[in-house]
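I opened my notebook to record what I looked up in this structure, entry by entry.

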Amino acid sequence: MRHIISILLENESGALSRVAGLFSARGYNIESLTVAPTDDASLSRMTLVTSGTDEIIEQISKQLNKLVDVVKLVDLTEAPHIERELMLIKVEAVAESREEVKRLVDIFRGRIIDVTDTSYTVEITGNGDKLDAFVQSLSSISILEVVRSGLMGISRGEKALG
């Protein structure tokens with residue numbers, strides 16, 4: 001089962017490396033990893049997506065909590081949460097395909113953020129299924145490049161990590 005683990009950790013050099021090292025040393029796969037400083041410059045928020053049984057996820061959580069850099073950890077999968085991903089996608093946009101791309105961008109509530117004579121760069125956010133569906137909808141359009149941020153997640157309601 002897929003789990004979204006949100007970690008508040010000290011914003012120090014080597015912290016990310018220690019978390020990644022813990023996964024690689026035990027043979028666990030990281031499917032997605034997003035990390036950035038929080039409103040407190042001394043802390044970073046990491047959102048990590050991995051798969052495993054409840055026992056494996058419990059073991060991962062215990063090992064992560066032992067790391068000196070980890071301040072707080074929560075498995076977002078256990079409670080109501082919001083998850084989003086950002087995708088930038090550059091597509092060929094010439095002649096009649098320009099209007100088709102604009103139409104699809106509107107349907108998926110994206111934004112065209114760069115325009116050239118032959119291409120559009122589109123920004124789209126949502127869950128992974130929405131982003132996948134947008135890519136599939138471009139079947140007749142030539143995709144030049146795709147960049148995805150990886151998943152970010154936050155608990156619903158008043159509950160907060162830090």
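**Entry 1: helix H2**

I looked up which residues of H2 are buried (under 20% relative accessible area, where exposed means over 50% and partly exposed in between, with a 1.4 Å probe and protein chains only), and I found Ile57, Ile60, Ser61, Gln63 and Leu64. They cover an arc of only 165° around the axis, the arc being that of the directions from the helix axis to the C-beta atoms, and this puts them on the same side of H2. I noted that this is a predicted model, in which local features need pLDDT of at least 70 and side-chain atom pairs count only at pLDDT 80 or more, while totals for chains, interfaces and linings use all residues. Residues are numbered from 1 along each chain as its sequence is written, and side-chain values use heavy atoms, with hydrogens and water left out.

On the face of H2 turned away from its buried side I found the exposed residues Asp54, Glu55 and Lys66. The buried residues of H2 are covered by parts that include E1, H1, E3 and strand E4 (70-75), where contact means heavy atoms within 4.5 Å. For the names, I wrote down that helices (H or I, at least four residues) and strands (E, at least two) are DSSP runs, numbered from the N terminus.

**Entry 2: helix H1**

The 12 residues of H1 (residues 15-26) should span 16 Å, and the end C-alpha atoms are 17 Å apart, which agrees. In H1, the residues Ala15, Val19, Leu22 and Phe23 are buried. They lie on the same side of H1, because they cover an arc of only 90° around the axis. Ser17, Ser24 and Ala25 are exposed on the other side of H1. I also noted that the buried residues of H1 pack against strand E1 (2-10), strand E3 (43-51) and helix H2 (54-66).

**Entry 3: serine 32**

Is serine 32 buried or exposed? I found that serine 32, which has its place in strand E2 (residues 32-37), counts as buried at 13% relative accessibility. A polar atom of its side chain lies 2.9 Å from the backbone nitrogen of leucine 151. Leaving aside residues up to four places away in sequence, serine 32 touches Thr47, Leu48, Val49, Gly150 and Leu151.

**Entry 4: salt bridges**

I searched the whole structure for salt bridges (a side-chain nitrogen of Lys or Arg within 4 Å of a carboxyl oxygen of Asp or Glu), and the search finds 9. In one of them, the side chains of glutamate 83 and arginine 2 meet at 2.8 Å, N to O. Glutamate 83 lies in strand E5 (residues 81-92) and arginine 2 in strand E1, so the pair ties together parts that are 81 residues apart in sequence.

Arginine 18 forms a salt bridge with aspartate 69, and the closest N and O atoms are 2.5 Å apart. Since arginine 18 lies in helix H1 and aspartate 69 in the loop between H2 and E4, this pair ties together parts that are 51 residues apart in sequence. I noted that arginine 18 counts as partly exposed at 38% relative accessibility, whereas aspartate 69 is buried, with a relative accessible area of 4%.

Definitions and conventions
The expected span of a helix is 1.5 Å times one less than its number of residues. A polar contact is a pair of N or O atoms within 3.5 Å; within protein, one must be able to donate a hydrogen and the other to accept it, and residues adjacent in sequence count only if both atoms are side-chain atoms.
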